[in-house]
Amino acid sequence: MVLQLDKPNQLLVLRTEDGQLVTRSPLGEREWLERPPLPVEDDAVLLVTDPRTVKKIELNRVQTVWESRESEE
């Protein structure tokens, strides 16, 4: 389960079975989840952090492994 906290702006990854904290990761000042996280693998989710950006995050390390950003055109 992935949650976003506001102050400080960060992601929390909790184990679904018991709610135990797996890891936490700070988010940028202007990053905010535009939509709920979409699970794509057992240990990865897609996050929409602004209207033009989608990121694939590995939950075990809370590391961005892929990012796509739409051009401003």
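On a 1 Å grid over the protein atoms alone, a pocket is an open set of points where a 1.4 Å probe fits, with protein on both sides within 12 Å along at least five of seven lines, and its lining residues are those with an atom within 4 Å of a point. The model looked at here is a predicted one, so local features need pLDDT of at least 70 and side-chain atom pairs count only at pLDDT 80 or more, while totals for chains, interfaces and linings use all residues. Residues are numbered from 1 along each chain as its sequence is written, and side-chain values use heavy atoms, with hydrogens and water left out.

The largest pocket comes out at about 220 Å³, a volume being the space filled by probe spheres set on grid points that are joined across faces, edges and corners. Its lining takes in 17 residues, and those nearest the pocket centre are Met1, Val13, Leu14, Asp42 and Leu59. Strands β2, β4 (38-41) and β5 each give two or more residues to this lining; strands here are DSSP runs of E at least two residues long, numbered from the N terminus. By residue type, the lining of the largest pocket splits into ten nonpolar, two polar and five charged.

Next, the core. The largest nonpolar core has ten residues: Val2, Leu11, Val13, Leu27, Leu33, Val45, Leu47, Ile57, Leu59 and Val62. A nonpolar core is taken as a set of buried Ala, Val, Leu, Ile, Met, Phe, Trp, Tyr and Cys residues joined through side-chain atoms within 4.5 Å. Buried stands for under 20% relative accessible area, exposed for over 50%, and partly exposed for what lies in between (1.4 Å probe, protein chains only). In soluble globular proteins, nonpolar side chains do tend to be buried together.

With neighbours within four places in sequence set aside, Leu11 is in contact (heavy atoms within 4.5 Å) with Val2, Leu3, Gln4, Thr23, Arg24, Ser25, Leu27, Leu33 and Leu47. Val45 sits in strand β5 and has a relative accessible area of 5%, so it is buried. Leaving out neighbours within four places, Val45 is in contact with Val2, Pro37, Leu38, Pro39, Val40, Lys55, Lys56, Ile57 and Leu59.

Pro37, one of the contacts of Val45, belongs to the loop between β3 and β4. Pro37 is partly exposed at a relative accessible area of 24%, and beyond four places in sequence it is in contact with Val2, Val45, Leu46 and Leu47.

Asn9 is in the loop between β1 (2-5) and β2 and, at 15% relative accessibility, counts as buried. The Asn9 side chain reaches the backbone oxygen of Glu31 at 2.7 Å. Glu31, in turn, lies in the loop between β3 (21-26) and β4 and is buried at a relative accessible area of 19%. The side chains of Glu31 and Lys55 are joined by a polar contact of 2.4 Å. Such a contact is a pair of N or O atoms within 3.5 Å; within protein, one must be able to donate a hydrogen and the other to accept it, and residues adjacent in sequence count only if both atoms are side-chain atoms. Setting aside neighbours within four places, Glu31 is in contact with Gln4, Asn9, Thr49 and Lys55.

The loop between β1 and β2 also holds Pro8, and the peptide bond joining Lys7 and Pro8 is cis, with omega about 5 degrees. Most peptide bonds are trans.

Asp18 is in the loop between β2 and β3 and is partly exposed, with a relative accessible area of 47%. The side chain of Asp18 makes a polar contact of 3.1 Å with that of Arg15 and reaches the backbone nitrogen of Gln20 at 3.0 Å. Glu67 is placed in strand β7 (residues 63-69) and is partly exposed at 46% relative accessibility. Between the C-alpha atoms of Asp18 and Glu67, 49 residues apart along the chain, the separation is 30 Å.

Technical notes: Helices (H or I, at least four residues) and strands (E, at least two) are DSSP runs, numbered from the N terminus. Ala, Val, Leu, Ile, Met, Phe, Trp, Tyr, Cys and Pro count as nonpolar, Asp, Glu, Lys and Arg as charged, and the others, Gly among them, as polar.
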